[in-house]
Amino acid sequence: MVVVGASMAGLRAAEQLRAAGWTGAVTVVGDEPHMPYNRPPLSKEVLAGKAAFDSLAFTPKGSTADVEWRLGTKAVAARLDERAIDLDDGSTLSYDGLVAATGMRPRRLRCPGPQTGRHTVRTLTDARGLRDELTRPGVRVVVVGAGFIGCEVAATAVALGVTEVTVVDPLPLPMVGPLGELLAGALLRRHEERGVRFALGTAVAGFEGGDRVTGVVLGDGTVLPADVVVESVGSVANVEWLDGNGLDVGDGVLTDEWLRVGGRAEVVAVGDVARFPNARYDGVPRRVEHWSIPADTAKHAAKSLAAHLAGREGELAPFAPLPTFWSDQHDFRLQSFGAPVLGIDDVRVLDGDPDGDVLVGYHVGERLVGVVALGGHAVATKAARYRAELLKQPALTVQGASK
Amino acid sequence: MKVVVDMNKCQDHGQCVFAAPDVFSMDDDGHLLYVSDPDDALRDEVEEAADVCPLQAIRIED
Ligand SMILES: Cc1cc2nc3c(=O)[nH]c(=O)nc-3n(C[C@H](O)[C@H](O)[C@H](O)COP(=O)(O)OP(=O)(O)OC[C@H]3O[C@@H](n4cnc5c(N)ncnc54)[C@H](O)[C@@H]3O)c2cc1C
């Protein structure tokens, strides 16, 4: 077995292959120099200095003791017809089963101006570099992108004592895409109360400065002074190594309901990079960049590979995970269960009110498809009670949905 | 089987409660409670709980 990508999805795939009964060799190839580590703290505890960088490593299971880790090594090409993977050190690995677990990388802004002082947050190295800059006295920070990572970084910067933090986004509210207006408005007010400034409804046109960024130029010509810029404008799937095999890699790697790639039973995709249909919802394949997905996909994909290699085809149920997502910002948490985005046109308050702790439900017709809590511990616990409710809902079929 | 939760790391996400409801629970304020010496028959559940902990705060000691 060859697993390409040595992060959470790659690790969980190796573990689940063992759990599914595969006793043969497993090689995991990863281009980062580190053993798999946990990413969410990179924009939160670790960036805030509340947890050490070396606390992030996952504890490997005994079942993976004989897995070979080829770290600091990149897969550069896959030849699926020949069942071979070419690596950047010139070697080739052949396989019976292949797991694609190469995740995402941050999208970058293509704007004119200096590069130095511009950061992204995806890796340990990124977080180290950003932390060094955020802890410089008097630093002025502009975060481009009011998605979940942008909002988390802004909150962490405030916690570190940065007094000038501005978040820029072309949309009118933070996280409005995944959450809808009601919660996005509540989120905006909370951030502003805690000292984060916003420049919304405006895009970045360029950067000012000589060798290093000194300002961010907005679409209307306004310049926000900045010593540090964090670009959190979405991500791009790491799929180039799969090019040339006739696969659909337009937005991640397209899979079927058993996470198989390109109709091949011996190739599966897991984690952020997988674009899979979820039998719980409308059958439209989507990538899901939530922390719970690497484990869920690894389990299902390992069973699908193990069944194929043992000659037992077609015995698996279609994949139907219940997505869960959280985001910690300042002193509050967003906790989501289900697929709120599918019910974004019908958002109802289930408990509390938007200025305090609040729990909202997202609906398609009368069907609850997602719940999101915003606030302290107690409301997150209430949201968890709806999890069972969401699991009980019948599968959602949308008229006209195409596979 | 002995279960140890690093309470300095734990942030009460509650994912362990879904994975192993016989071992982990939440009180009314949303704080974690757990059984530190569960029956060995629950090992699979507890392993799953350890995997899904966002803070990776759960350890199993034999
Ligand atoms: C800063 C940050 C904060 C987050 N916070 C939250 C949160 O609060 N809540 C939540 O639910 N989710 C959160 N997430 C999302 C969650 O961490 C991801 O969904 C998860 O890390 C995905 O894991 P993965 O293994 O699929 O992909 P990745 O973690 O991206 O791993 C892919 C690995 O493959 C390697 N790779 C890529 N191409 C190649 C190649 N050709 N050859 C070899 N190796 C390659 C990459 O270098 C990387 O190590 C956060 C993510 C980030 C970055």
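Modeller: Before any distances, a polar contact here is a pair of N or O atoms within 3.5 Å; within protein, one must be able to donate a hydrogen and the other to accept it, and residues adjacent in sequence count only if both atoms are side-chain atoms. The model is predicted, so local features need pLDDT of at least 70 and side-chain atom pairs pLDDT 80 or more, while totals for chains, interfaces and linings use all residues. Residues are numbered from 1 along each chain as written, chains are lettered from A and ligands numbered from 1 in written order, and side-chain values use heavy atoms, without hydrogens or water.

Biologist: OK, which residues come nearest to the ligand?

Modeller: There are 35 residues around the ligand, and those that come nearest are A:Asp31, A:Glu32, A:Arg39, A:Lys44 and A:Asp272; around means that a heavy atom lies within 4 Å.

Biologist: And how far is the polar side-chain atom of A:Lys44 from the ligand oxygen?

Modeller: That distance is 2.6 Å, from a polar side-chain atom of A:Lys44 to an oxygen atom of the ligand. Backbone atoms take part as well: a polar one of A:Met8 is 3.4 Å from a ligand oxygen, and a polar one of A:Thr102 is 3.5 Å from a ligand oxygen.

Biologist: Which helices and strands each supply at least two residues of that shell?

Modeller: In chain A these are helix H1 (8-19), strand S2 (27-30), helix H3 (148-159) and strand S23 (324-329), with H3(A) giving the largest share, three residues. Helices (H or I, at least four residues) and strands (E, at least two) are DSSP runs, numbered from the N terminus.

Biologist: Back to A:Glu32, where does it lie?

Modeller: A:Glu32 is found in the loop between S2 and S3 of chain A, and its side chain makes a polar contact of 2.8 Å with the side chain of A:Arg39. Setting aside neighbours within four places in sequence, A:Glu32 is in contact (heavy atoms within 4.5 Å) with A:Tyr37, A:Arg39, A:Leu71, A:Gly72 and A:Thr123.

Biologist: Switching to sheets, what is the order of the six strands?

Modeller: They form an open sheet in chain A in the order S3-S2-S1-S7-S20-S19, with mixed pairing, where two strands pair if DSSP finds at least two bridges between them. Its edge strands are S3 (68-71) and S19 (260-261), each of which pairs on one side only. Within this sheet, S1 (residues 2-4) and S7 (residues 98-100) of chain A run parallel and are joined by three bridges, and A:Val2 stands opposite A:Leu98 in S7(A).

Biologist: In the three-strand sheet, why is one side of S13 and of S15 left without a neighbour?

Modeller: That open sheet has the order S13-S14-S15 in chain A with antiparallel pairing; S13 (204-208) and S15 (223-225) stand at its edges with a single partner strand each, so one side of each has no neighbour in the sheet. S13(A) is joined to S14(A), residues 215-218, by four bridges, and A:Glu208 stands opposite A:Gly215 in S14(A).

Biologist: Last one: how many residues lie between S4(A) and S5(A) in their hairpin?

Modeller: Four residues lie between them, and in the turn A:Arg83 has a positive phi of about 55°. The two strands, S4 (residues 75-79) and S5 (residues 84-87) of chain A, pair in the antiparallel sense over four bridges, and A:Ala78 has A:Ile85 in S5(A) as its bridge partner.
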